[in-house]
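Hello,

Here is the structure I said I would pass on. Please have a look at it before reading my notes.

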Amino acid sequence: IRDRLVSIVNTTYLLDDELISGPQNRIQNVNDIPSPYLTGALDKFFDTGLIPMIETTRGCPFTCAYCADGLKVKSKIYRYESSRTEEELNYIAKKVVNTPIVDLVITDLNFGMYKQDLVTASYIAEIQKLYAYPKRISAASGKNVPKRITEVASMIKGWSPGGSIQSSDKDVLKAVKRSNLSLDAYKQVIVYLNSLEEAKSETEIILALPNDTKNKHFDSIRFAIENKVKSLRIFQAIMLLGTEMASPEYRSKYSLQTSFRILPGTVGLYIICGEEHAAPEVEEIITATEGLSQSEYVECRIMDLIVSTVYNNSIFSMHNSSGGNIFRIGAAPDASKGIYYNFGVGASEGRASSGTNLHDNQWHNVFISKNTGSQAQFYLDNNLVSTNNSNTDGTPFNLSLIHISEPTRRYAISYSVFGLKKK
């Protein structure tokens, strides 16, 4: 085959210095693919704590230039039979009973956007009644048909559809061939999500897309906040191999400058020819465009960190549905002139504080933690200065250590870190 330079479907190979690529072709009848659940192939993994995931729809009608699923060959939508999806969901639900597994991942690219998703939602609602599973659902919501998306969300528990915009600027969206919800439809989704007690509205923004500038990026952040989105997930523009945005022509057209970085936690140690070698995974990200300098890119990253720390994590206050304080952080009103941290509501309210006058024109490291029980601890400049307990229910807050290269993460123990300086 190699001697004849034969091109093979979905295959690329190197012959001497020539790259031979065959045509791309997808499986059209996805129901021909055996179910890894119904065949029992995944049974041994249910005891490992891994999160089950299913796919009900394959393909994406959108052509976003930065996305590997935006290629024309992937635009056709293929669906699994509804009966298969129902069987898989029931099979999974029965298997996770008496295990710590409470999550389900739906890998569809636009869940909630299609009529079939209403049927899938009815299946999920049924197993939630029977098995109290899943408690949390992760699925990328559709980019259109907001009425149907909110209808799907209302049928099941544990899923908060997002209102991803990537950018609020028309020129940026046009450059990456992104089709967003209309402004009115976007507001409808956010208002609906904010009306749900268990849901948390969120949106996604990508920094340094073609035609982006510092002002445009800040406007996108402002747009989301003014529309009362509760959490902004801000990403960097990654050059994915095979996408339109990663092509030489596209890079040149929009003057894209890139850098490489190591993905956190991906360095593996391997023995090769008797010697140990470290092999990390890397990704290429855009750090400058024609209208965004690298120094402005850094300014935007700093702003993104502030948003993730202060806005997303609601560091300075969080209220329950009745308007009462779950926690709040502020300057102590008494003569100590310190920083306090209140948690709980009413009679159960407790306080941890610095107990020290911080109006000294110096930088201080303030670190507050609350575990899943009722204890809060206050650290000042790495020293434990206060511990307090209350009768709160121990629910962890949505605070976390901030990782500079990815969205914030929620842990059983919640932390926030910030600096304070009196001018």
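The model is predicted: local features need pLDDT of at least 70, side-chain atom pairs count only at pLDDT 80 or more, and totals for chains, interfaces and linings use all residues. Residues are numbered from 1 along each chain as its sequence is written, and side-chain values use heavy atoms, leaving out hydrogens and water.

Helices (H or I, at least four residues) and strands (E, at least two) are DSSP runs, numbered from the N terminus. Helix H6 (residues 214–226) and helix H8 (residues 294–312) have axes that come within 9 Å and cross at roughly 15°. H6 is therefore roughly parallel to H8, a term for angles under 35 degrees. Axes are lines fitted to C-alpha atoms, for helices over the stretch in contact, and angles run from 0 to 180 degrees between N-to-C directions.

On the backbone, the peptide bond from Tyr-133 to Pro-134 is cis, with omega near -5°. Pro-134 lies in the loop between helix H2 (115–131) and strand S7 (136–141).

Asp-16 is not a glycine, yet has a positive phi of about 55°. Asp-16 sits in the loop between strand S1 (12–15) and strand S2 (18–21) and is exposed, at 65% relative accessibility. Here buried means under 20% relative accessible area, exposed over 50%, and partly exposed in between (1.4 Å probe, protein chains only). Ser-255, also not a glycine, has a positive phi of about 50° and is partly exposed at 33%.

Finally, Val-267 is in the loop between strand S10 (257–262) and strand S11 (268–272), and is partly exposed, with a relative accessible area of 49%.

Regards

Definitions and conventions:
Angles under 35 degrees count as roughly parallel, over 145 as roughly antiparallel, 65 to 115 as roughly perpendicular and the rest as oblique.
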